[in-house]
Amino acid sequence: MAQCCRCNRSVGMHPVKCSCKAAVYCSAKCQVSHRKSHSKHCTGELKKKVDEVRAKAGRDSREAAEALVALGDIYEDQDQLSSAKGCYHDALLILRGGEHGGDCDEAAAYALHKMSTVLLRLLDLDGALANCHESLSLRERLGDGQGPGAAQCLRTEGQVLAALGRYKEGLSRLEASFELCVRVHGEAHEQVATALNCIGNVLVSQGRRPAAVKIFERAVRIHRATLGEARTCLPLLGLGRLYLETGAVEQGLETLTEGLAIAKRHFGRWSQVAGKLLQAQAA
């Protein structure tokens, strides 16, 4: 049963829905109370903003491109990948247009990387790789080849190469992303844990599960330190499953039990993440 975006209670059989369909409420009162917070993530509101910016600053203005990228980011977060792809495509047509010269290179590098992440999820691997390369090239030209944006782009490139079966190249890019993240952020950072998770996933794909366990354990420690308890549920789910697959049954069940207790505490016993943890325990 869905939960109210404001009070976390069950919305029942007749929820109140925002027009964007991403937010549901148990009552009109909760919807009104949550409107200011939700408006930052509401595709309906952001589409209005795109229209307003285009009317005020020009259809092909940099401001319009930035509004399109912001809308694309929300669509991607909501798994509306085709809509996200369309927003990034339209933004890049503006940002790479001749009238802006090189003034929009940083914004274009960001949009190219975001496009690559969407294309990866849509399994357009060649397109994802091409956008990664272009984004990295732009960052090098801007003197930002060793910054956080480059680290994220290297990570996505590594994921794409691994998805293409080019595991050695993929691991090389992911390890470079990890090392760059540590230099930029220090080891206790969410981006470092994300890079480690990606490395672990490739090791699993190669059948190197014992090596992957050590990587995921390290990632979970960083998640605990940086993201707080509530955000550790999914990392614990992945680690628990991997323990079970490698024969460490007791350790796997303990890890899944811990994740389930956290999920119930923060999201409720009927939440999706709690269901996944229960299913993993039963398996």
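A residue counts as buried when its relative accessible area is under 20%, as exposed when it is over 50%, and as partly exposed in between (1.4 Å probe, protein chains only). By that scale Leu244 is partly exposed, at a relative accessible area of 25%.

This is a predicted model, where local features need pLDDT of at least 70, side-chain atom pairs count only at pLDDT 80 or more, and totals for chains, interfaces and linings use all residues. Residues are numbered from 1 along each chain as its sequence is written, and side-chain values use heavy atoms, with hydrogens and water left out.

Let's stay with Leu244 for a moment. Leu244 sits in helix α11, residues 233-245; helices here are DSSP runs of H or I with at least four residues, and strands are runs of E with at least two, numbered from the N terminus. Leaving aside residues up to four places away in sequence, Leu244 touches Val249, Gly252, Leu253, Leu256 and Ala280, a contact being heavy atoms within 4.5 Å.

Now for the protein as a whole. Its secondary structure comes to 13 helices and 2 strands. Of the contacts with a separation of 6 or more, 49% join residues 24 or more positions apart.

| Property of the protein | Value |
|---|---|
| Span of the C-alpha trace along its principal axes | about 60 × 55 × 30 Å |
| Share of the 283 residues that count as buried | 45% |
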